[in-house]
Amino acid sequence: MAELLLGPVLRHVDRTSATVWVETDAPCVVTVACEDGVAEAATWKVFGHHYVLVVLEGLTPGRSREYRVLLDGRVCWPQENSTQPPSVVRTASDEGEAERDLNVVFGSCRWSSPPSTEEGEERRMDPDALDTLARRLMRSPDEPLPDALLLLGDQVYADETSRAMQNQLARRRDLSKAPGPQIADFEEYTLLYHESWSDPQIRWLLSTVPSAMIFDDHDVIDDWNTSHAWRTDMAATDWWSERIAGALASYWIYQHLGNLDPAALARDELFAAVRAAAPGEDVGPLLHEFALRADAEAEGKATTRWSFRRDFGRTRLLMIDSRAGRVLTGDGRAMIGADELAWITEQADEGGYDHLLIGTSLPWLLPHGIHDLESWNEALCAGARGPRVAEWSERLRRAGDLEHWAAFRESFAALSALLGRIALHGPRSGGPVPATVCVLSGDVHHVYAAEVHWLVPGEGPRAGDDPGESARVYQLTCSPVHNSVPPAIRIGFRFGWGRIATRLGHVLARHARLSPLPVEWTKLGGPWFGNHLMTLTLRGRRADLSLERAEGGRRGRAAHLRRVGRAALREQ
């Protein structure tokens, strides 16, 4: 008799459909049932593990309804004697979207252990902001649930495992041999996801708030795809192939599939092949081959797209893959390839939205001094000051994690030009200029908000332009959700935002003979440190931002979220 191992996880929800992800401990038929819809699907097998993504269709728009999960006809969710609130699916309305708030919660970098409400034996850190949000929502049934949860990278830490995880790994292999206490293969990734998602509060939250996710480096390994030289070094090891295969295969299962809407799922050839497998057939080798092929695409023409689009009424989210989709060949370097940029442009140019959200795990705009440092380093690595300096600069790039958009300057300029055009002129298909363009990011273990203006005439809105004639453009960065921030990092980022660092950055830019940036940005708030979540509240063409920090959780104090910042990004 099959049992529910992980999930249900509510993923894509629109006006009439929803997708629900589940992992079980044996093959079975999984049914998701609610008062206005029922759907079922058979699990598929991957290296002995059993998964399913059930697609509910034909739902009534604008309603909230409880749902159940049945395995071979037996109710397994909600769990027997559960004291948690019911899990629900809330579909979008046919009309009247401008009359209600859309609440989008986002953040990144969630290290799942130790438990958020206990003092950690390995790290001394504040409570898990996501866990704390879940507890508050469970205690407050009258508080509106978020309409979407955007997780912007580092959902799991494959290269920084907990002691409990290391104990499990040690029962499988010798941790004195590479990759040591890090995750080695698909089987160990399944353990990592269970550690991260099986916490009761997180499990309930993911069952009732639709989520969208994208990876960052720690989902795989620190500095993942930082340069062509890095890829060459990793390929020379005897363990990397299994690591990257396990990382991308498990990401496809646990995170990527749920990002897609029913139409995209129907077009996905790999998903069709997995579902078409004969009963009992293990499709692990198929996913292993796919993962290795997807990883190799950084060295040539990409055919795998991890980026995706999701619409929430008149708000559009374009989630950009800024890790696996990089082009890192001996003579070329880009954060996103030409095909990927064309896809992003096509999605942005299809009108019908009031707000454009660009999700990218790595910030588009960094503290000014750090931004110029990364661009300077890229130029030196490319030989701007000779081969000896280039070799030293590559070591600096890896040691300092200098591989954000600023370190892929051509891609930075291309994204800046696109966002500026959309903000000033609107989508090419017609329709109004959006009210806001917000770039949502994480990764850098501090929180800040910055407003953007263009310096190049015709490229985008400039300071002093009539705000009613163009979109307001922002970089919104929220990291971490649950991690520690060492004092040295705090000092470094505070310095990076200061005037001295900005001036030093200008000196470095001149040293590397860099062309002037097309944009400038003004910090509105930050840097803040600690475990945070940001919430965008959108209604019509109005946009508000709030920031909450997780506190307490020690010496008998209950963990709670304290609002530390609020701003109106765009008035009605």
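Which residue lies over the face of Trp497? In this predicted model, in which local features need pLDDT of at least 70, side-chain atom pairs count only at pLDDT 80 or more, and totals for chains, interfaces and linings use all residues, that residue is Lys523, at 5.9 Å from the ring centre. Residues are numbered from 1 along each chain as its sequence is written, and side-chain values use heavy atoms, with hydrogens and water left out. A charge is taken to sit over a ring if NZ of Lys or CZ of Arg is within 6 Å of the ring centre and within 35 degrees of the ring normal. Arg333 is placed in this way over Phe408, at 3.8 Å from the ring centre.

Rings also meet other rings. Two rings of Phe, Tyr or Trp (its six-membered ring) pair if their centres lie within 6.5 Å; planes under 30 degrees apart are stacked, over 60 edge-to-face, and the rest tilted. By this rule the count comes to 23 aromatic pairs. One of them is tilted and joins Trp21 to Tyr254, with 5.2 Å from centre to centre and 45 degrees between the planes. Trp21 belongs to strand β2 (residues 18-24) and Tyr254 to helix α6 (residues 240-259), so this pair ties together parts that are 233 residues apart in sequence. Here helices (H or I, at least four residues) and strands (E, at least two) are DSSP runs, numbered from the N terminus. Trp21 counts as buried at 1% relative accessibility, and Tyr254 is likewise buried at 1%; buried means under 20% relative accessible area, exposed over 50%, and partly exposed in between (1.4 Å probe, protein chains only).

The rings of Trp44 and Trp252 form a pair too, and because their centres are 6.1 Å apart and their planes at 55 degrees, the pair is tilted. It links Trp44 in strand β5 (residues 44-46) with Trp252 in helix α6, 208 residues apart. Trp44 is buried, with a relative accessible area of 6%, and Trp252 is buried at 2%. These four residues are members of one aromatic cluster, together with Tyr51, Tyr193, Trp197 and Phe271.

In helix α1 (residues 129-139), the buried residues are Ala129, Leu130, Asp131, Thr132, Leu133, Ala134 and Leu137. Among the elements that cover them are β10 (102-107), β11 (148-151) and α4 (200-208). The N-terminal end of α1 is capped by Asp128, with a side-chain oxygen 2.9 Å from the backbone nitrogen of Leu130. Helix α4 has 8 of its 9 residues buried, so it is largely enclosed by the rest of the structure. Its buried residues include Arg203, Trp204 and Leu205.

Asn225 lies in the loop between β12 (211-213) and α5 (228-235) and is buried, with a relative accessible area of 1%. Its side chain reaches the backbone oxygen of Arg323 at 3.1 Å. This is a polar contact, meaning a pair of N or O atoms within 3.5 Å; within protein, one must be able to donate a hydrogen and the other to accept it, and residues adjacent in sequence count only if both atoms are side-chain atoms. Leaving aside neighbours within four places in sequence, the residues in contact with Asn225 (heavy atoms within 4.5 Å) include Trp230, Ala298 and Leu328.
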